[in-house]
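Here is a briefing on one chain, written to be read alongside its sequence and coordinates. Start with the view below, then take the topics in turn.

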Amino acid sequence: MPQAARLGAPLRTAQRARIEAALVSVALFGANSLSYLLNMVAARALAPDVYGALGSLLAVIVVGAVPAMGMQTVAALLHLPSGWPVVWLGLALAPLTLLGVFHGVLQGHRRFAVLALLVGVEGVAKVGGALTGLLAFRSTAATLAGMAAGCALAAIVGWLVCGRRRPQRSPVALAGKVLHASQAILGLVLLVNLDIVLARHNLSGAQAGDYAIGVIITKIAYWLPQAVAVIVLPRFVDEQHRRRAVPAALAVIALLDAWVVLPTLLYGPAIIRLIGGPGYGTHVTAAWLFALLGSLLALVQLLLYSRIASADRRSATAVWAAVVAEILLVTLWLDGSVTAVASAALTSVALLVLAGLLIEYRSARRPIRTP
C-alpha cells in the first residue's frame, strides 16, 4: 500500500467517527425534541391536574424501562382515575427493554450511524403514537396506548437493523455485570424521575401540573448533552482512556447546559408560559432550579457510567443514598410548594455530584492496573 494511502486511512476513519458522532447527536436531539413536543401539546390539551398525572406516568415509564438500560411504583401514589393507564404503561415496557438491548449492541460495535437511525425511528414512533392517541381521544390511557404501539414498532425495526438476533444464554459473569449495571442505572433513572412523582403525591393538582412543566426544563438540561455520554462510553472500557475522557466530557456537559441554565435564570416565567401556555406558571417562582437540577443529573450520569465501566460499586451506593435522601427531604420537610420539592431534589443531586467527583478523583490517583 502506498504511504499516502496508509497515512490517509486514519484521517478518513477519524472523519467518519466525527460524522457518526454528529449523527448520534442530531438523532438524540430530534428524539428528545419530539418528547418535549408531546409534553407541550399535552399541557395545552389537558387540564393542569390531568397533565400532572400524565407527566408522572411518563416518568414511571422511564423508570420501568431500566432493565433495557442495564443491558446497555404506581397507581396508589399518583391518584389515577382508572387502571387502564397502568395497563398500557406495562405494555410499553417490553419493547422499550428490547430497544435498550439493541442500542447496546450497536453502541458496543460502534455502529453509531445505525444507532442514530434507530434512535430517530424510536423517537418518531413512540412520540407519534402517543400524540395520535392524545389528540384523538384526549386522555391519559389513549396517550399511553399510542406510545405502546409506537414502541412495539420501533422494537421490530431495532431487531431488523441488528441482524435479527436470537436470544443466547449469557455466562454467569456477564449476568453479574448486567445486574450491577441495572441496579446502578435503576437508581439513576429513579432519581431523575422521582421528584415529579413526589410532587404529584404531595402537591395539589394545579401545583403538580406546574411542577410537570418545570420537569420539562429539567429533562432538556438532562438530555441536551446525552450524546456526550453515548460517544465516550465505549472509551471507558480502557482505564487510561477513561481517565482522560471523564474530565473533558464533564466540561463539555457543563458548557452545553449553561445554555439552558442562563436563559431560565433571566427569563424563567416567560419560558414556563412558552412551554405550558398561559394556564401554567402560577406556582413556579424559580425556573432555574429545574435547569440546574437537570444539569447536575447529566453530570451524575457521566460519573456513574465511568464507575460502572470500572466495576466500582461506590457510585451506585451513592446514587441510592441520594434517592433515599430526596424521599426523606420531601416527605418530612420540603413538601409545601413547587419550589420546596425542587429544592429537595436539587440538594440531593448536588451532594451526589460532589460525592461522585470525590470518588472519581480518588480513583484517578491510583496506579493503572496492568493485566
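Leaving out residues up to four places away in sequence, Thr140 touches Val50, Leu54, Leu57 and Pro85. Thr140 sits in helix α7, residues 140-161. Thr140 counts as buried because its relative accessibility is 12%, under the 20% cut-off. The model is a predicted one.

**Overall make-up**

- The chain has 14 helices and 0 strands.
- Read from the N terminus, the order of elements is α-α-α-α-α-α-α-α-α-α-α-α-α-α.
- The chain has 371 residues, and 49% of them count as buried.

**The nonpolar core**

- The largest nonpolar core holds 106 residues.
- Leu38, Tyr51, Tyr211, Ile213, Ile217, Leu302 and Val349 have the most contacts inside this core.
- Helix α12, residues 288-309, gives the most to this core, with 13 residues.
- Which residues does Leu38 touch, not counting those up to four places away in sequence? They are Leu58, Val127, Ala130, Leu131, Leu134, Thr143 and Met147.

**The α6/α7 pair**

- The axes of α6 and α7 come within 7 Å and cross at roughly 160°.
- That angle is over 145 degrees, so α6 is roughly antiparallel to α7.
- The crossing of α6 past α7 is right-handed.
- On the α6 side, the contact is made by Val114, Leu118, Val121, Glu122, Ala125, Lys126, Gly129, Ala130, Gly133, Leu134 and Phe137.
- On the α7 side, the contact is made by Ala142, Thr143, Gly146, Met147, Gly150, Cys151, Leu153, Ala154, Val157, Gly158 and Val161.
- By class, this contact of α6 with α7 has 14 nonpolar, 6 polar and 2 charged residues.
- Among the α6 and α7 contact residues are Ala130, Leu134, Thr143 and Met147; Leu38 touches these four residues too.
- Arg138 lies in the loop between α6 (112-137) and α7.
- Arg138 is not a glycine, yet Arg138 has a positive phi of about 50°.

- Is Ala155 buried or exposed? Ala155 is buried, because its relative accessible area is 8%.
- Beyond residues up to four places away in sequence, Ala155 touches Pro95, Leu98, Leu99 and Phe102.
- Ala155 and Leu96 are 59 residues apart along the chain, and their C-alpha atoms are separated by 7.2 Å.

**The α11/α12 pair**

- Helix α11 (residues 239-276) and α12 pack with their axes 8 Å apart, at an angle of about 170°.
- Why are α11 and α12 described as roughly antiparallel? Their angle is about 170°, and angles over 145 degrees count as roughly antiparallel, so the term applies to this pair.
- From α11, the contact takes in Arg242, Val246, Ala249, Leu250, Ile253, Asp257, Val260, Val261, Thr264 and Leu265.
- From α12, the contact takes in Trp288, Ala291, Leu292, Gly294, Ser295, Ala298, Leu299, Leu302, Leu303, Ser306, Arg307 and Ala309.
- The residues of this contact of α11 with α12 divide into 15 nonpolar, 4 polar and 3 charged.
- Leu302 of α12 is in this contact, and Leu302 is also among the residues with the most contacts inside the core.

**The α9/α14 pair**

- The axes of helix α9 (residues 205-223) and helix α14 (residues 338-364) come within 10 Å and cross at roughly 45°.
- That makes α9 oblique to α14.
- α9 passes α14 in a right-handed crossing.
- Gln207, Asp210 and Tyr211 of α9 meet Val338, Val341 and Ala342 of α14 in this contact.
- By class, the contact of α9 with α14 has 4 nonpolar, 1 polar and 1 charged residues.
- Tyr211 is in this contact, and Tyr211 is also among the residues with the most contacts inside the core.

- Thr218 is in helix α9.
- Thr218 counts as buried because its relative accessibility is 1%.
- Leaving aside neighbours within four places in sequence, Thr218 is in contact with Phe290, Leu293, Gly294 and Leu297.
- Gly294 of α12 also takes part in the contact with α11.
- Gly356 is in helix α14.
- Gly356 counts as buried, with a relative accessibility of 11%.

Definitions and conventions: Residues numbered from 1 in each chain as written. Predicted model: local features only at pLDDT ≥ 70, side-chain atom pairs only at ≥ 80, totals over all residues. Heavy atoms only, no water. Axes fitted to C-alpha atoms, helices over the stretch in contact; angles between N-to-C directions. Helix = DSSP H or I, 4+ residues; strand = E, 2+ residues; numbered from the N terminus. Parallel < 35°, antiparallel > 145°, perpendicular 65-115°, else oblique. Left-handed = near helix turned anticlockwise from the far one by under 90°. Contact = heavy atoms within 4.5 Å. Nonpolar A, V, L, I, M, F, W, Y, C, P; charged D, E, K, R; others polar. Buried < 20%, exposed > 50% of the residue type's maximum accessible area, 1.4 Å probe, protein only. Core = buried A, V, L, I, M, F, W, Y, C linked by side-chain atoms within 4.5 Å.
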